[in-house]
Amino acid sequence: MIERRALIQGTFATLASTWWPKPMLPTVVMTFDTDVTTYTNALFDMETKGIPGTFFADADRINTAGWPSRDNLIIMAMKGWEVGARVYGTINGGEANMVSVLASDRGVAFSRLKAAKDLMYAQGFDIKSIAAAQRAWSVPLRGMAAQLFENVRVADVVNYGPVSDRLYVRDGGSASWSSSDTVASLSAWLDGLIAAGPNAIGIPVVHRIDTSGDPNYTISPSVFHDFTSYLQSRIAAGVVRAVTFSKAMTP
């Protein structure tokens with residue numbers, strides 16, 4: 001009987017080691033919003049370092065002057081990036097976040113979400129993920145999005161995760177990267193993520209990578225490239241992983 005019990009226990013242990021997921025590494029999800037400098041100054045740098053990204057396009061601005069082209073997005077996807085959409089609406093002709101649009105007109109809010117889905121599909125992208133403009137989101141919007149998408153980046157809580165709701169991803173956020181960021185400060189942020197443990201997630205929000213632009217939303221290419229080199233070294237050391245937004249939601 002003892003031998004039979006040991007055999008059964010050994011069998012279950014083998015199955016557990018085969019089928020149960022191993023503990024996850026801390027996760028970095030590099031996300032980028034709308035700006036064409038992601039294509040010019042991030043995509044190819046990150047490709048050489050084996051780091052994927054997630055780009056949230058403004059669906060109705062693709063192929064317009066100053067914004068990414070469809071070809072830019074296709075190349076991103078070909079290189080292993082996830083392409084999603086930033087969702088926003090308009091009130092009196094000006095851009096507004098979706099919470100404000102919902103308060104103004106529920107039907108318009110849903111129409112804006114669906115328009116992002118349809119416009120991206122027309123460009124050849126069946127998107128799974130969206131980012132809430134101005135990091136403004138709500139439970140009713142979550143319910144609307146559930147009919148159209150799988151993941152919603154809000155990232156309005158600046159910490160190291162973990163994620164509890166993939167349609168309302170608040171935790172893991174960072175302040176928008178800006179001209180005040182340095183290689184030292186960004187590397188310290190990554191070190192903190194690693195120290196936070198295997199279920200921690202960090203979601204940088206990057207807008208513009210350039211030598212000019214709004215300093216609150218622009219990081220210099222040299223600082224950005226030096227940080228990705230540090231991230232590459234930490235990945236190679238086996239202490240952190242970098243994945244797309246969708247992948248991070250489905251470990």
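1. Y160 counts as partly exposed, because its relative accessibility is 23%. Here buried means under 20% relative accessible area, exposed means over 50%, and partly exposed lies in between, with a 1.4 Å probe and protein chains only.

2. A word on the basis. This is a predicted model, in which local features need pLDDT of at least 70 and side-chain atom pairs count only at pLDDT 80 or more, while totals for chains, interfaces and linings use all residues. Residues are numbered from 1 along each chain as its sequence is written, and side-chain values use heavy atoms, with hydrogens and water left out.

3. Overall build. The chain holds nine helices and 13 strands. Its radius of gyration is 20 Å, close to the 18 Å that the globule rule gives for 251 residues, so the chain is as compact as a globular protein of that length. That radius is taken over C-alpha atoms, and the rule is 2.2 Å times the number of residues to the power 0.38. Helices (H or I, at least four residues) and strands (E, at least two) are DSSP runs, numbered from the N terminus. Along the principal axes, the C-alpha atoms fill a box of roughly 80 × 45 × 30 Å.

4. Surface and contacts. Of the 251 residues, 47% are buried. The accessible surface is about 11,900 Å², and carbon and sulfur atoms own 56% of it. Areas come from the Shrake-Rupley method with a 1.4 Å probe; for residues, only the protein chains shown count as cover. Among contacts (heavy atoms within 4.5 Å) with a separation of 6 or more, 69% join residues 24 or more positions apart.

5. Aromatic pairs. Rings of Phe, Tyr and Trp (its six-membered ring) pair if their centres lie within 6.5 Å; planes under 30 degrees apart are stacked, over 60 edge-to-face, and the rest tilted. The count comes to seven aromatic pairs. Y39 and F44 form an edge-to-face pair, 5.3 Å centre to centre with 75° between the planes. Y39 is buried at 16% relative accessibility, whereas F44 is partly exposed at 32%. Y160 and W189 make a tilted pair, with 6.4 Å between centres and 45° between planes. This pair links distant parts of the chain: Y160 is in the loop between strand 8 (151–153) and helix 7 (183–195), W189 is in helix 7, and they are 29 residues apart.

6. More on rings. F32, W81, W177, F224 and F227 form one aromatic cluster. R112 lies over the face of Y88, 5.1 Å from the ring centre. The rule asks for NZ of Lys or CZ of Arg within 6 Å of the ring centre and within 35 degrees of the ring normal.

7. Where is S246? It is in helix 9 (residues 245–249). S246 is buried, with a relative accessible area of 18%. Its side chain makes a polar contact with the side chain of S129 (3.1 Å). Such a contact is a pair of N or O atoms within 3.5 Å; within protein, one must be able to donate a hydrogen and the other to accept it, and residues adjacent in sequence count only if both atoms are side-chain atoms. Leaving aside neighbours within four places in sequence, S246 is in contact with E82, K128, S129 and N151.

8. N97 sits in the loop between strand 6 (94–96) and helix 4 (98–104). It counts as buried at 11% relative accessibility. A polar atom of the N97 side chain lies 3.1 Å from the backbone nitrogen of V99. Not counting residues up to four places away in sequence, N97 touches A133, Q134 and A136.
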